[in-house]
Amino acid sequence: MTMSIVMIFIGLMLAMPAKAQTTTDSIFLARSSKVIFKVNSTEITPADRKWIIQKLVPTLRGLGPNSIIIGRSAASPEGPFDNNKRLAEGRREALKSIFEKEGINTSRIRFDTAIEEYALLVEMMREHHDPDYEYVKAVVDSCAGNDEMTKGIITKAQGGKLFNRLKDTYFAELRAVRIMVYYIPEFKYKDDGKDFLNPQRIVGEIKYDIPEPELPLPVDTVQYRREMLSVKTNLLLWGAYVPEYGMCPIPNVSVEYYPRHGHFTLGASFDCPWWIGNTTNHKYFELRNYTLETRYYTRSTKKSYSDQRSIPNGKAAFKGFYVSAYAHAFLYQIGLNANKGWIGEGAGAGIGLGYVIPLSKKQHWRLELGAQFGVFRTKYDPFVYGCPVEKIEDGLYYYDYTGDADLFKERQYRFTWLGPTRAGITLTYDLLYRKRQQKGGAK
């Protein structure tokens, strides 16, 4: 469900001195934003809660004390009257409690309650050129606000078919709290110290053509983006040094996938040095290392929706501290000199921790500092240059084995390591983003 952008209603009408403001149902329906509730529920949905805290609250803060919230809480006509009264009042209080938690002075909030919202039902029927508009309007007018009488007449009309059609067509839109925000730049109050910001007590003038105040940047006018896929490389591995071998850059690339929600991410990396020497130096460093990793970022992206610096507003949501778990498999062939070399494969697993630091203003570039600890086990065989039995250098490499050839088996050696397995200073770039999530538009 999408939420319409809050309408900053400026200069809707002139208020004559000492007279109260009035708002017609047609204007209210056209200009108000709405929070829709499920049937028989007073709970605000996560999407609407997010809209209220991300957009409406910052708007009110930007307008300052010269803004007043006018609201109408309602229930749709089906169901018992007493239950509808409970729903309408509960929906009003649910919205009001959010404002209170966000520090909005409740003296600026004016809600009325329409237990069964027939006035807006009639207005919606008029806008839709409903064939039964004139009949329903006549019923509502004749009942003069008596909701139980209104329901009794409409439910019997057309053998119940009219009420069922209205229920299917319009009632979902009536289960709502509708909101309008008035901005009143110059006003006075009756000097009795009571009911501050009560629209009924305003004796000043609401002006037309007032320049719109500078507001915090609305959430849906910026690039509200959340990372989807990043590509990265460990800079430390590019400068790797191997004793007895020398400088040995290790080309490596990683990707990290960021789900739409939550703190967990999925990643994969590939290390691929393939430096093949020659019979002069007998140096080889051939490695394939495949790693899968999952991370949990401890930073919450919902720290405060009213603080736009704390949401993923085109900036990195996944930054700060993280913990990880990984598993990897590898194969290798490493030679340091004519008499020292190994060939084998293995696997391992472990945990890691790290910290992600944004590098650019939009935080597309980031730097990761991390380390991993774990265990790996490899099966391998040593090899040498030349036949170790006949001591002949024929330009070939042989397993370093001098026993009975019939008893030879590959990968007779084992090695297990428990401890630090990797360190990283990793450069990250966000390669793909999810499509911009529209927060505005009609429901």
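Please note that the model is a predicted one.

I begin with helix 7, which spans residues 161-169. Three of its residues, Leu162, Phe163 and Leu166, are buried. They lie on the same side of helix 7, because the arc they cover around the axis is only 95°. On the face turned away from that buried side, one finds the exposed residues Lys161 and Asp168. What, then, covers the buried residues of helix 7? The cover includes helix 4 (118-127), helix 5 (133-143), helix 6 (147-156) and helix 8 (171-174).

Let me turn to one of these neighbours, helix 6. The axes of helix 6 and helix 7 are 5 Å apart, and the packing angle is about 105°. Helix 6 is therefore roughly perpendicular to helix 7. On the side of helix 6, the contact involves Lys151, Ile154 and Thr155; helix 7 contributes Leu162, Phe163 and Leu166, the three residues already described as buried. By class, four residues of this contact are nonpolar, one is polar and one is charged.

The second pair is helix 4 and helix 5. Their axes come within 9 Å and cross at roughly 160°. An angle over 145 degrees counts as roughly antiparallel, and the two helices are therefore roughly antiparallel to each other. The crossing of helix 4 past helix 5 is left-handed. Here Tyr118, Val122, Met125 and Arg126 of helix 4 meet Tyr133, Val136, Lys137 and Val140 of helix 5. The residues of this contact comprise six nonpolar and two charged, with no polar ones.

Technical notes:
Residues are numbered from 1 along each chain as its sequence is written. This is a predicted model: local features need pLDDT of at least 70, side-chain atom pairs count only at pLDDT 80 or more; totals for chains, interfaces and linings use all residues. Side-chain values use heavy atoms; hydrogens and water are left out. Buried means under 20% relative accessible area, exposed over 50%, partly exposed in between (1.4 Å probe, protein chains only). Helices (H or I, at least four residues) and strands (E, at least two) are DSSP runs, numbered from the N terminus. The arc is that of the directions from the helix axis to the C-beta atoms. Contact means heavy atoms within 4.5 Å. Axes are lines fitted to C-alpha atoms, for helices over the stretch in contact, and angles run from 0 to 180 degrees between N-to-C directions. Angles under 35 degrees count as roughly parallel, over 145 as roughly antiparallel, 65 to 115 as roughly perpendicular and the rest as oblique. A crossing is left-handed if the near helix is turned anticlockwise from the far one by less than a right angle, and right-handed if clockwise. Ala, Val, Leu, Ile, Met, Phe, Trp, Tyr, Cys and Pro count as nonpolar, Asp, Glu, Lys and Arg as charged, and the others, Gly among them, as polar.
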